[in-house]
Amino acid sequence: MDAASLCSDLVKIKSENPPGDTKECAEYIGSFLESIGIPVDYTTGPQNETNVYSKNQSNELLLCGHIDVVPAIDDGWDKPPYSGIIDETFVHGRGASDMKGGCAAVLSAAKQFADRDETPNVSFAFVCDEEGGGPNGIRRLIREKIVHPCDCLLAEPTPASAPCIGQKGLFRAKICFNGEPAHSSLYPLNGKSAVMQSAEFLLSLKSLYEKTWEVSSQMEEILAHSAEIIKAEYGKDYSPIFRHISYNPGVIRGGERVNIVAQKCVVDVDMRIPWGVTVETVSAEIKSRLPESAGIDLYAAAEASMTSPDTKLVRTTCDAVSSVYQIECRPMVQWAASDARALRLSGFNAIEYGPGELSTVHGINEKVSITQLHKAVEIYETIIQRYQ
């Protein structure tokens, strides 16, 4: 079975998160791995949040992918989202790019070794809960010491020409503004509006976004290269996002009644932190923009992270991509996040490289190129060979 057929089978198995039930998908992968001589084991959560992994986790390289997908409804799709239709060019459906295509390519590469009566001396883990960022997926395997620090390649969709070796950091906070209620007809002469406090704070974030942060000359080169890769991929200049603190006031809840000056307003802010600035500095910047009466609950935070370009894993992956695509491959970083962050925090050298049509990820008409799938198999096979 080739990578396109495997990807199609995986897409047909619905594993939306929420609710996060990946049991059927994990069991399909487990059966496949055992059919090629790789014994597996499972962990399962209360809602069937299931991980499958090779019993042998003592190897130098771990190949990893997530099998949960974001939800999809039929409206607007040219082909039903869970059809897994294969045409001359693409495999279609939710998760085809993010990231059942990458999982299929990993499995297909492993099968290449089995077909030659060889054992791929690498470990495998296919996990749930990446899309939800929850504790049941790779974090559970780390927490329970099922996987151990090593080199880890995640088959996340990336530009075909560049593996991703780093992600921006995270700062998520719930900020509570406290006003003084009064009759609305007397505002702004009477009362202090929590809603207006939140509005003034959010406007102030523009000045935080405009700040830049000093990085090393090597990091400058990586950021510039990353911006070039993304511009070529999306047709838009996203270079500022690599160097600035991005911010999104995702949820705002405020006020009690239309005729009362608001006493309470709560804002949930999601910020992504670039290289060169710390969570501590960002926290101080945020607090300097808040009134004394405001409270802040920082409920998720992480520094920007990166695996060194000089590691065996990065060099090996870049060499394999260069060879297969006949290009000069250099690594990049990205603004979003994945399981790579949790792995790096736990001592892994983690990078991402995988097939995918990036413009369709999490969108309508998600698909993955069959050509990219086949090239990914060749690249993974080359990488595995280097770790034999």
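Is helix H1 (residues 3–12) mostly covered or mostly uncovered? Helix H1 is mostly covered, with seven of its 10 residues buried. Buried means under 20% relative accessible area, exposed means over 50%, and partly exposed lies in between, for a 1.4 Å probe and protein chains only. Helices here are DSSP runs of H or I with at least four residues, strands are runs of E with at least two, and both are numbered from the N terminus.

A word on the model comes next. This is a predicted model, in which local features need pLDDT of at least 70, side-chain atom pairs count only at pLDDT 80 or more, and totals for chains, interfaces and linings use all residues. Residues are numbered from 1 along each chain as its sequence is written, and side-chain values use heavy atoms, leaving out hydrogens and water.

Back to H1. Its buried residues are Ala3, Ala4, Leu6, Cys7, Ser8, Leu10 and Val11. They pack against H2, strand E4 (90–92), H3, strand E15 (367–369) and helix H11 (370–386). Contact means heavy atoms within 4.5 Å.

Take the partner H3 now. Two packed helices are described by the angle between their axes and the distance between the axes. The axes are lines fitted to C-alpha atoms, for helices over the stretch in contact, and angles run from 0 to 180 degrees between N-to-C directions. For H1 and H3 the angle is about 130° and the axes are 8 Å apart. H1 and H3 are therefore oblique to each other. Angles under 35 degrees count as roughly parallel, over 145 as roughly antiparallel, 65 to 115 as roughly perpendicular, and the rest as oblique. On the H1 side, Ala3, Leu6, Cys7, Leu10 and Val11 make the contact. On the H3 side, Ala96, Lys100, Gly101, Cys103, Ala104, Ala105, Leu107 and Ser108 take part. By class, the contact of H1 with H3 has 10 nonpolar residues, two polar and one charged. Here Ala, Val, Leu, Ile, Met, Phe, Trp, Tyr, Cys and Pro count as nonpolar, Asp, Glu, Lys and Arg as charged, and the others, Gly among them, as polar.

H3 has another partner. Helix H2 (residues 23–35) packs with helix H3 (residues 96–115) at an angle of about 15°, and their axes are 11 Å apart. That makes H2 roughly parallel to H3. Cys25, Ile29, Phe32 and Leu33 in H2 meet Lys100, Leu107 and Lys111 in H3. This contact of H2 with H3 has five nonpolar, no polar and two charged residues.

Where do nonpolar residues gather? A nonpolar core is a set of buried Ala, Val, Leu, Ile, Met, Phe, Trp, Tyr and Cys residues joined through side-chain atoms within 4.5 Å. The largest such core has 69 residues, and Phe126, Leu153 and Tyr380 have the most contacts inside it. H3 gives this core its largest share, 11 residues. A second, separate core of 23 residues includes Val267, Val277, Val282 and Ala294. Now look at tyrosine 380. Setting aside residues up to four places away in sequence, tyrosine 380 touches Gly102, Ala105, Val106, Ala109, Leu153, Ala155, Tyr353, Gly354 and Pro355.

Serine 369 is in strand E15. At 10% relative accessibility, serine 369 counts as buried. Serine 369 and glutamate 88 are 281 residues apart in sequence, yet 9.4 Å apart in space, C-alpha to C-alpha. Beyond its neighbours within four places in sequence, serine 369 is in contact with Thr89, Phe90 and Glu357. Histidine 92 lies in strand E4. It counts as buried at 12% relative accessibility. Apart from neighbours within four places, the contacts of histidine 92 include Val11, Glu366 and Lys367.

Last come the backbone details. Most residues other than glycine have a negative phi, and most peptide bonds are trans. A cis peptide bond joins proline 18 and proline 19, with omega about 10°. Proline 19 sits in the loop between H1 and H2. Another cis peptide bond joins aspartate 98 and methionine 99, with omega about -10°. Methionine 99 lies in helix H3. Glutamine 326 is not a glycine, but has a positive phi of about 55°. Glutamine 326 is in the loop between helix H9 (312–325) and strand E13 (332–334). At 68% relative accessibility, glutamine 326 counts as exposed. Histidine 362 is not a glycine either, and has a positive phi of about 65°. Histidine 362 is partly exposed, with a relative accessible area of 43%.
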